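Here is a short report on a single protein chain. Please read it beside the sequence and the coordinates.

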Amino acid sequence: VRFAPFAVRWQLRTFLELDALPGAVPCARLHARNVLAEWGLTVFSENAGLLISELVTNAIQISHVAEQDAPVRLWLVSDRAQLVTFVWDASPLPPVPGDVGEDAESGRGLLIVQAVSARWGWDFPPGMGGKVVWAVLAGEL
């Protein structure tokens, strides 16, 4: 997690790389749920699952739009008081919250991320290409 200087010393970390396929979303959620249970941090499970669903779905969609055959990468990092979710995709385009109407069936992902997290953002990590979208659960950094 070299693109997260605030989390460098945090002891609890996990990483998962997935193909940019729809099945990656439930795999990422299951991984997070199991890791959070192992860490004794199930208090984060519901919101982490929601964040991961939205961020991984967005990463898969942008990968398909860009017609890139790159994977989607997920990191979870915690200091036990907060949990940070990072999702990387190969697209150089920044995430843009949707301006959706009441009847829209999609486009609310980043609005959900904003509502659930204490803080969120994105970065273009040097040497990795693409971007990382991150979200913090619990206290602010």
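## Leu-83 and the cores

Leu-83 touches Leu-36, Trp-39, Phe-44, Ala-48, Leu-76, Val-77, Ser-78, Ala-135, Val-136 and Leu-137, leaving aside residues up to four places away in sequence. Contact here means heavy atoms within 4.5 Å. The model is predicted: local features need pLDDT of at least 70, side-chain atom pairs count only at pLDDT 80 or more, and totals for chains, interfaces and linings use all residues. Residues are numbered from 1 along each chain as its sequence is written, and side-chain values use heavy atoms, with hydrogens and water left out.

Leu-83 belongs to the largest nonpolar core, which has 31 residues. Within this core, Trp-39, Val-56 and Leu-83 touch the most other members. Two or more residues each come from E1, H1, helix H2 (45–65), E2, E3, helix H3 (109–116) and strand E5 (131–138). A second, separate core holds 13 residues, including Trp-75, Val-84, Phe-86 and Ala-90. A nonpolar core is a set of buried Ala, Val, Leu, Ile, Met, Phe, Trp, Tyr and Cys residues joined through side-chain atoms within 4.5 Å. Buried means under 20% relative accessible area, exposed over 50%, partly exposed in between (1.4 Å probe, protein chains only).

## The sheet

The protein chain has 3 helices and 5 strands. From the N terminus on, the elements run β-α-α-β-β-α-β-β. Helices (H or I, at least four residues) and strands (E, at least two) are DSSP runs, numbered from the N terminus.

The 5 strands form an open, antiparallel sheet in the order E1-E2-E3-E5-E4. Strand E1 (12–18) and strand E4 (119–123) are at the edges with a single partner strand each, so one side of each has no neighbour in the sheet. From one strand to the next, the twist averages 15°. Two strands pair if DSSP finds at least two bridges between them.

| Strand pair | Bridges | Facing residues |
|---|---|---|
| E1 and E2 (72–78) | 7 bridges | Glu-17 and Arg-73 |
| E3 and E5 | 8 bridges | Val-84 and Val-136 |
| E4 and E5 | 5 bridges | Trp-122 and Val-133 |

E5 is mostly covered, with 7 of its 8 residues buried. Helix H1 (residues 24–39) lies across E1, E2 and strand E3 (82–89), running at about 165° to E1. Axes are lines fitted to C-alpha atoms, for helices over the stretch in contact, and angles run from 0 to 180 degrees between N-to-C directions.

## Asp-89

Is Asp-89 buried or exposed? Asp-89 is buried, at a relative accessible area of 3%. Asp-89 sits in strand E3. Its side chain makes a polar contact of 2.8 Å with the side chain of Lys-131. A polar atom of the Asp-89 side chain also lies 2.9 Å from the backbone nitrogen of Ser-91. A polar contact is a pair of N or O atoms within 3.5 Å; within protein, one must be able to donate a hydrogen and the other to accept it, and residues adjacent in sequence count only if both atoms are side-chain atoms. Beyond four places away in sequence, Asp-89 touches Ala-59, Ile-62, Ser-63, Gly-130 and Lys-131.

## Whole chain

Of the 141 residues, 45% count as buried. Among contacts between residues at least 6 apart in sequence, 64% join residues at least 24 apart.
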